[in-house]
Amino acid sequence: VPVYGERPAPLEPDARERAVTGWVFAVFVQEEFYRAALGMMAPEVEITVYDDSTAGGPALFATGGRAGEETAVRRAVLGGRVVRLEVRPGAAFPASNAALADTVAAAGTLLTVLLAGTAWLLVTWRRRAEALAAGRTAELGEALALQRAILDGAGLAILATDGQGRITRANPAAEALLGLSAEELRALPSVDHLAAMGTGRGLAALIAELRPGVSIQREWLYRRPDGEQLTIWVTISALPGAGEAPGGFVFIGRDVTAEREAERDRDRVFAYSIDMLAIVTGRGRFKRVSPAWERTLGWKPEELIGQSLWHFVHPDDREEQIARARAVLEGRDACDLRGRFRHADGSWRWVSFNASAVTDEDRKSTRLNSSHSQISYAVFCLKK
């Protein structure tokens, strides 16, 4: 609803437009408003309200009932438009003193009530709207500040794009990881151009299949402008849009270069170590074993994976070894533990091993490291 700097508001459109000082969100039901303001005058006075902003405007409200022939007309600006009030003596209008002058006076009184009611609504709702706007603005400011703090302080690289894949936001972690400033990233034609700097080509076609609420994960080799090559693990999520198509995308990445290099080193150690190496879960099941197990105890790796470690420990040693394993899972490393392990031929061999707890995918596992020389010595003594 417009708020005018003149009272009453001008009837002429140009003058009324110049008199507007602002707008206010004023909620009221038109039918109920007119009925409350004018309906009380019936049946003494019958009133019809027309939209007079255009020629032949429709009736907005009528008190109903049978009206007299004499009519008084008044025009006013309500809710930003011109309305015409036609006031007639009703069936209960006092016949002895009936006169058009009385009807006109009644029309003036009613118009004053109507305008006063509208003014009250405007003032009340303007205050409420201003208070609501101030509260929402403060809440929005706090939410945006929290969002900026989370994005800027996140250790993960975060990029946001529009629906066409153009980068709209990059946090400091993304700038540091990719070696490009936020301005340089926003200047790129699309995120697919960024992907072309590594092995992420075809990213545009990939995200074109994404729908809001769906995420995918990919490993991406990326070459920074300074020539350094990184391995980045990326999660891509589609954001809701106006229709079925996504309104944008969010990329969350982390540098896993060191992790992948450590995995390659571990693979080389497992492949070439003369010691028996194994990784077991917190429940004691083999997750990975080195080829040395087959050379020393005759078990092929595929025969051990998924099996319980305790199935291969001598029954007389099992209780003691389980107690030691619990201590390892609590963070206490064990060195030079000794026990009997089952050989593939069914015999028992004394071995000496080390054990320590490691974190793997947020689950506790135990790594066993058995010395080949000590195993040979144990086997030699056993034979003797």
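**Note on salt bridges and an open sheet**

1. Arg288 is partly exposed, at a relative accessible area of 24%. Note that the model is predicted. The partner of Arg288 is Asp267; their side chains form a salt bridge at 2.7 Å, N to O. This pair ties together distant parts of the chain. Asp267 belongs to helix H8 (residues 257-272), while Arg288 belongs to strand S13 (residues 286-289). The two residues are 21 residues apart. Asp267 is also partly exposed, with a relative accessible area of 34%.

2. Across the whole structure, a search gives 17 salt bridges.

3. Asp52 and Arg75 meet through their side chains in a salt bridge, 2.7 Å from N to O. Is Asp52 buried or exposed? Asp52 has 18% relative accessibility, so it counts as buried, the cut-off being under 20%. Arg75 reaches 41% and is partly exposed.

4. A network of salt bridges links Asp52, Arg75, Arg84 and Glu86.

5. Arg224 and Glu228 form another salt bridge, with their closest N and O atoms 3.7 Å apart. Arg224 is buried at 17% relative accessible area. Glu228 is partly exposed at 41%.

6. Now the sheet. Which strands form it, and in what order? The order is S4-S3-S6-S5, 4 strands in an open sheet with antiparallel pairing. S4 and S5 are the edge strands. Each has a single partner strand, so one side of each lacks a neighbour in the sheet. From one strand to the next, the twist averages 20°.

7. The S3 and S4 pairing is antiparallel and runs over 3 bridges. Within it, Val49 stands opposite Phe61 of S4.

8. Helix H2 (residues 30-38) lies across S3, S4, S5 and strand S6 (81-89). Against S4, helix H2 runs at about 45°.

Methods: Residues numbered from 1 in each chain as written. Predicted model: local features only at pLDDT ≥ 70, side-chain atom pairs only at ≥ 80, totals over all residues. Heavy atoms only, no water. Salt bridge = Lys/Arg side-chain N within 4 Å of Asp/Glu carboxyl O. Buried < 20%, exposed > 50% of the residue type's maximum accessible area, 1.4 Å probe, protein only. Pairing = 2+ DSSP bridges. Axes fitted to C-alpha atoms, helices over the stretch in contact; angles between N-to-C directions. Contact = heavy atoms within 4.5 Å.
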